[in-house]
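Biologist: I'm new to this one and would like to learn how to read it. Could you put it on the screen and take me through it, feature by feature?

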Amino acid sequence: MPSPNDTIAALATAFGSAGIGIVRVSGPQARAIGEGLCGQTMTPRHALHAHLRDGAGEVLDDAVLIYFQGPHSYTGEDVLELQAHGNPSLLNAILRECRRLGARDARPGEFTERAFLNDKLDLAQAEAVADLIAAQSETAARAARRSLDGVFSQRCNAVAEQLVHARVYVEAALDFPDEEIDFLAAPEIRNRLERCRADLAQLRAEAEQGKRLMDGLHAVIVGAPNAGKSSLLNALAGEDRAIVTDIAGTTRDVLRETIQVGGLWLTLVDTAGLRETEETVEAEGIRRARGELAKADLVLAVLDDSQDDAAALKEALHNGGARVLWLHNKSDLSGHAIGREQRADGVHLWLSAKHGEGLEAVRHALAQAAGFGETGSGSFSARTRHLEALDLAAAHLAAATGLCNQAQAELAAEELRLAHHAIGSITGHMDADALLGRIFSSFCIGK
């Protein structure tokens, strides 16, 4: 943990060699450092344009200085922001002078870490800062912004509040042991646990959607040789990325292309056609294709609609756990109308990748398969650790429900406590020391 007596400084942002560079300083000496650099008295929240000078009185640069007095700042401490020219040499000279005046270099993420430690942000909001910086689309940035504004945290806190009420009710059964069975069998506790379970499941589904927004979706294209997998990849990518020929088995290796659909990043993986072969290179390509299938979020199963190859492909995908989108390609040869059909095994689409027909429906289906429906937007950003915490909370909640049904109040109370703790780990409303190093070490300098 950083000492509250430390004053830290970092180059936060530089917009090109001829643009603006920002140096931030946080800590009890921030104001003194600013006044030492410019030689003037600073007023909180008032911009000051001045020359910055080094210890020998030489001008380093002219800059705009803004001083924020704690706790009314990003970190909750005294903060100085220097907006200078973006030349790296000038900015490094300013940083060097900040060090001379008593600051030290900030660690990656230390500004946001201090904001968390000073209760300016909770843990989910702190992570959203990094998500906002790393967002690769406007949709992902908006989701991260909502998390930073506290939307995800509020949803977690609402579930946590329900768990508190359930814990209080179950604890009452322990306080009045003679009435224990009546307490735990009452409809109120069952209804409350069921509402909590439903809200937790909904939150988990939205968090998974938010994670997909940040991480993207791993979609693997599979099918028989010459079904049109590479043509589909090229059509969705909008350029010729894969070699397309009439010769079956042209694709021998795994080919990846990243595209954006409705604000969601998809990594499309074109693979070798699935079939039995003794040809060494093709067999290796098929082995790699099956390896990609094992880690797919979504499978695009391409069928040659002019051939009867559906049964073999369905058999090949039978044991897979990923969601499958069935794409009937070459409808221009089969004569089947371009369209969509919902079947027991999933969504089926008819298209012609070669002529570009039906591709918009494919893009729409990709967004739907990722959970984005009509709007193509997620409510907040989320991370893997959030999903793990929600899964853990759901498991403890399920155990507590079962124990209540068995009139085991003491064990049920412990399971509810663990569920509450798991939810609290998302926002940091628990002992978060073990999480801090892993989370903030991934931040960039100056944030």
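Biologist: How do helix 4 and helix 5 run, roughly parallel or roughly antiparallel to each other?

Modeller: You go by the angle between their directions: under 35 degrees counts as roughly parallel, over 145 as roughly antiparallel, 65 to 115 as roughly perpendicular and the rest as oblique. Axes are lines fitted to C-alpha atoms, for helices over the stretch in contact, and the angles run from 0 to 180 degrees between N-to-C directions. Here helix 4 (residues 123-134) and helix 5 (residues 138-148) cross at roughly 160°, their axes coming within 8 Å. Helix 4 and helix 5 are therefore roughly antiparallel to each other. Keep in mind that this is a predicted model, where local features need pLDDT of at least 70 and side-chain atom pairs count only at pLDDT 80 or more, while totals for chains, interfaces and linings use all residues. Residues are numbered from 1 along each chain as its sequence is written, and side-chain values use heavy atoms, with hydrogens and water left out.

Biologist: And which residues of helix 4 and helix 5 make the contact?

Modeller: Contact means heavy atoms within 4.5 Å. On helix 4 these are Q125, A128, V129, D131 and L132, and on helix 5 they are A141, A144, R145, S147 and L148. By class, the contact of helix 4 with helix 5 has six nonpolar, two polar and two charged residues. For the classes, Ala, Val, Leu, Ile, Met, Phe, Trp, Tyr, Cys and Pro count as nonpolar, Asp, Glu, Lys and Arg as charged, and the others, Gly among them, as polar.

Biologist: What is the handedness of the crossing of helix 4 and helix 5?

Modeller: A crossing is left-handed if the near helix is turned anticlockwise from the far one by less than a right angle, and right-handed if clockwise. The crossing of helix 4 and helix 5 is left-handed.

Biologist: Let me try another pair. At what angle do helix 8 and helix 14 pack?

Modeller: Helix 8 (residues 187-215) packs against helix 14 (residues 384-405) at about 165°, and their axes are 10 Å apart. So helix 8 is roughly antiparallel to helix 14. Their contact includes L193, C196 and R197 of helix 8, and L387, L390 and D391 of helix 14. Sorted by class, the residues of that contact are eleven nonpolar, three polar and six charged. The crossing of helix 8 and helix 14 is left-handed.

Biologist: How many helices and strands are in the protein chain?

Modeller: Helices (H or I, at least four residues) and strands (E, at least two) are DSSP runs, numbered from the N terminus. The protein chain has 16 helices and 13 strands.

Biologist: How many disulfides does the structure hold?

Modeller: A disulfide is a pair of cysteine sulfur atoms within 2.5 Å. The structure holds zero of them.

Biologist: Is C156 buried or exposed?

Modeller: Buried means under 20% relative accessible area, exposed over 50%, and partly exposed in between (1.4 Å probe, protein chains only). C156 has a relative accessible area of 1%, so C156 is buried. C38 counts as buried too, at 10% relative accessibility. In the protein chain, 49% of the 447 residues count as buried.

Biologist: Which residues is R100 in contact with, leaving aside its neighbours within four places in sequence?

Modeller: Those are D54 and G55. R100 lies in helix 2 (residues 88-100) and counts as exposed, at 51% relative accessibility. R100 and D54 are 46 residues apart in sequence, and their C-alpha atoms are 9.2 Å apart in space.
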